[in-house]
Amino acid sequence: MSFEEMWAALLPVGRDDATGGYHRFAWTPPELECRAWFLDEARRRDLTVEHDPNGNMFAWWYPADGTRGDAVLTGSHLDSVPGGGAFDGPLGVVSAFAAVDRLRERGFAPARPIGIAAFAEEEGARFGVACLGSRLLSGAIDPARARGLADADGHTFAEVMHNAGLDPEAIGPDEGLLGRIGQYVELHVEQGRALREPVGVASAIVPHGRWRFDFTGEGNHAGTTLLGDRRDPMLPFAAMVLAAREAAERNGSVATVGKVRVVPGGVNAIASSVSAWLDARGPADDAVRRTVAETGEAARAAARPHRVSVDLAEESYTEIVDFNLALRDRLGKALGGVPVLPTGAGHDAGILSARVPTAMLFVRNPSGVSHAPAESAEPADCLAGVEALTAVLDDLARG
Ligand code: GLV
Ligand code: MN
Ligand code: MN
Ligand code: MN
């Protein structure tokens, strides 16, 4: 299967034809279809499939001499955000299979294993914590907490894993597997407008996190309840959204409220509660922390006159990630010099970098849009990405 054939096979999976957006949430039917596709591609190439305890999948090309350690791992993820683009995640996985094919066509014999990874729940779109699979693998989240994470229907991660045939009690750091990974190189579509050439190398991921605001008031009738009698959680929620924007502007960060849950959600009922999720990111830790703290203060101040309570909880936080300098330089040399750029997007590579030397390749995104259907990459740039990844794997897995 060529790059184009693999891409065409995945393209319809989980796509909403009305909007062009993808809905591939961990262990839902479209994501399971992507997983089946991954396993087929691995088997088609006689790669050795490995499932870790955390729902991550690996396809290994082992050297003939049986070497298992010091592997070069590449890949990405197959899940999506709600209504996401086609490239975020799958481009890295498809490119990895295509790069392995190119190496084989050239008769390349790796001195170290080359692995292709598909990490579980990278977007956190189902259970709320981004990069859940790589966090569990690398020990960046308490397994007990992960087991208790619930999706929008109240199904826990433990329940969903069990139903997928995995043992939720076995999740957590896999030191044996981590110990076999020498380097991880993730190829990904660039998610903004920063990359002007077909391929670039990532320098860093900015600090970022997710916070949950719960506003609790009192449900009541939209017609009969006097304004002065209301405890309407929607009002401080609205103030909080505006405050987040203003705090981000003051602190040189970015802040987004992209998800909100209104209970009970009736047109003719004052809400009893509103939950809203704040995503905040910035160039430095203190800019992000100040943005969140100032938004929290504004939310509480706005809630008081309406007799609404506010709970603010951090759901996840990732400190700045500076990718491994030696590996970055090595990629740059293997590619003959390409742009080096930081990103505001999170990745499994950022999580794994705490445990394994890690680097990333970016492929240009002419729309500059991501996490939305307009996310794009030109076919020629995708092939340039495959070529670059091939050169990197060749360099890293050679004798
Ligand atoms: C994941 O793609 C993120 O950056 O939120
Ligand atoms: Mn994403
Ligand atoms: Mn991604
Ligand atoms: Mn991501």
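Me: Before we start, what makes a residue "buried" here?

Reply: A residue is called buried if 20 or more other C-beta atoms lie within 10 Å of its own. Keep in mind that this is a predicted model.

Me: OK, so why is Asp 88 called buried?

Reply: Asp 88 has 26 C-beta neighbours inside 10 Å. The cut-off is 20 or more, so Asp 88 counts as buried.

Me: What makes Asp 88, Glu 123 and His 371 a group?

Reply: UniProt, in an unreviewed entry, places the feature "binding site" at those three residues. They span 284 residues in sequence, but no two of their C-alpha atoms are more than 9.8 Å apart, so they gather at one spot.

Me: Which residues does UniProt list for "binding site" along with His 77?

Reply: Asp 88 and His 188, again from an unreviewed entry. These residues are spread over 112 residues of sequence, yet they cluster in space, with a largest C-alpha distance of 9.6 Å.

Me: How do you know that Asp 88 touches His 371?

Reply: Contact asks for C-beta atoms within 7 Å, and His 371 is among the residues Asp 88 touches, along with Ser 80, Val 189, Ser 370 and Glu 375, once residues up to four places away in sequence are left out.

Me: Where do Asp 88 and Glu 123 sit?

Reply: Both are in loops. Asp 88 is between strand S3 (71–77) and helix H3 (90–105), and Glu 123 is between strand S4 (114–119) and helix H4 (132–138).

Me: Where is His 188?

Reply: His 188 is in strand S5, residues 181–189.

Methods
Residues are numbered from 1 along each chain as its sequence is written. Chains are lettered from A and ligands numbered from 1 in the order in which they are written. This is a predicted model: local features need pLDDT of at least 70, side-chain atom pairs count only at pLDDT 80 or more; totals for chains, interfaces and linings use all residues. UniProt positions are given in the numbering used here, feature names are shortened, and annotations may be inferred rather than shown by experiment. Helices (H or I, at least four residues) and strands (E, at least two) are DSSP runs, numbered from the N terminus. A residue is buried if 20 or more other C-beta atoms lie within 10 Å of its own, exposed if 12 or fewer, and partly exposed in between; C-beta atoms are placed from the backbone. Two residues are in contact if their C-beta atoms, placed from the backbone, lie within 7 Å.
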